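Visitor: Could we go through this model together? I have the sequence and the coordinates to hand.

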Amino acid sequence: MRAAHITQYGSPDEALEIATVDTPEPGPEEVRIQVEACALNRLDVFARLGHPEDEGDFPRRTGCDISGVVDSVGPDVTGVEEGESVIVYPGVTCGECEFCLNGEHTMCPEYRIIGEDLPGGLAEYLTVPAWNVEPKPDELDFVSAAAWPITFTTAWRMLVTTGGLRPAESALVLGASGGVGNAALQIAERIGATAYATTSSDEKAARLEEWADAVIDYTEAPFDEAVRDLTDGRGVDLVADHVGQETWQTSIDALAMGGRMVICGATSGPDPDIDIRSVYQRHRQILGAPMGNRQDFRDALKWVARGEVEPVIDRVLPLDDIADGHRLIEDREVFGKVVVRPNE
Ligand SMILES: NC(=O)c1ccc[n+]([C@@H]2O[C@H](COP(=O)([O-])OP(=O)(O)OC[C@H]3O[C@@H](n4cnc5c(N)ncnc54)[C@H](OP(=O)(O)O)[C@@H]3O)[C@@H](O)[C@H]2O)c1
Ligand SMILES: [Zn+2]
């Protein structure tokens, strides 16, 4: 089968290769999926560029957002059949620890992500534990079915499960043209909260007006000042920040007294320089929300399938053009998801 491999750290052209490898066979309690669609995330770019903790084992294959058809079922699998159209929940866990038993799969000490720690879906076929497959609702085509899992599950965890956003509250979502940001903005709007978004260009801002009560261009002025103007000096109840060190202090300063900053990423770096008094003196909270558990995934799927929220698809590419997808995400030239179709 054909698969997109990262063979070294570097630019898309240096690092990405379309390889021909053995088609995997499903082991016990596993199924094999013929991949119909697999979306890219910032994570795929990080895997190619490398970060300090990385050990640099190559080749590696990313791709966490996967839809497809089960084409082979391994021994001891129950409840999943050949020919079923499915979406993959990307978190693999032990199923037995105190966290798993509590339904908190992403807290499992053995938690691994398909497409990050385990081979991902940027290939014609992929084997995954049968536990990880979820029936694809008929309302979603394969491309839409692959365009939401990581971003909407993470955003759901941030805003709903961890952030507890309520309809009468206000929320600020950073980088709302990106995957997680756009999902978070749509969820905030659908909850009924007053939703503000930041972005970096007029063109992106115009598109974000579909969901946002106001869009802030952070390249023009600090966004906490804009938030104060919009809220009569009060600040917002919740900030969803996935940008990291570049924005932390400004995000904290945009919060109301007692507000929550919910975080899931560190795109600009993990080491913010902040004044901790701006947190405790104002009763503010900083809450981690990396990905979501299986229930967050299912809850988000219900809204996606019902059309309450809609993953934005920037473009669909064949596997051969995957380097273009990486380049566009790295250069922040996409609005929404880049989806790859490995079998086309
Ligand atoms: N922990 C988890 O499980 C989890 C899950 C999903 C994502 N994440 C993390 O969340 C972050 C966002 O992921 P994503 O897939 O949504 O990324 P993405 O689609 O590439 O979106 C990132 C957006 O952030 C904005 N941005 C602001 N400052 C930036 C900067 N210094 N560098 C790059 N972008 C900047 C840009 O939007 P504007 O131009 O509109 O500002 C950009 O489009 C990543 O760090 C990712 O690793 C974590
Ligand atoms: Zn566990």
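Visitor: Which handedness does the crossing of α5 and α6 have?
Guide: The crossing of α5 and α6 is right-handed, that is, the near helix is turned clockwise from the far one by less than a right angle. Helices are DSSP runs (H or I, at least four residues), numbered from the N terminus. This is a predicted model, in which local features need pLDDT of at least 70 and side-chain atom pairs count only at pLDDT 80 or more, while totals for chains, interfaces and linings use all residues. Residues are numbered from 1 along each chain as its sequence is written, and chains are lettered from A and ligands numbered from 1 in the order in which they are written.

Visitor: And which residues of α6 make the contact?
Guide: Gly179, Val180, Ala183, Ala184, Ile187 and Ala188 of α6 do so, in contact meaning C-beta atoms, placed from the backbone, within 7 Å.

Visitor: What is the make-up by class there?
Guide: The contact of α5 with α6 has eleven nonpolar, three polar and no charged residues. Ala, Val, Leu, Ile, Met, Phe, Trp, Tyr, Cys and Pro count as nonpolar, Asp, Glu, Lys and Arg as charged, and the others, Gly among them, as polar.

Visitor: Changing topic, how many residues surround ligand 1?
Guide: Ligand 1 is surrounded by 28 residues, each with its C-beta atom, placed from the backbone, within 6 Å of it. By class, this shell has ten nonpolar, 14 polar and four charged residues.

Visitor: Where does ligand 1 lie relative to the domains?
Guide: Ligand 1 lies between domain 1 (2–147 + 312–341) and domain 2 (152–288), because both give residues to its shell. The domain bounds come from an automatic or database domain assignment.

Methods
Helices (H or I, at least four residues) and strands (E, at least two) are DSSP runs, numbered from the N terminus. Two residues are in contact if their C-beta atoms, placed from the backbone, lie within 7 Å.
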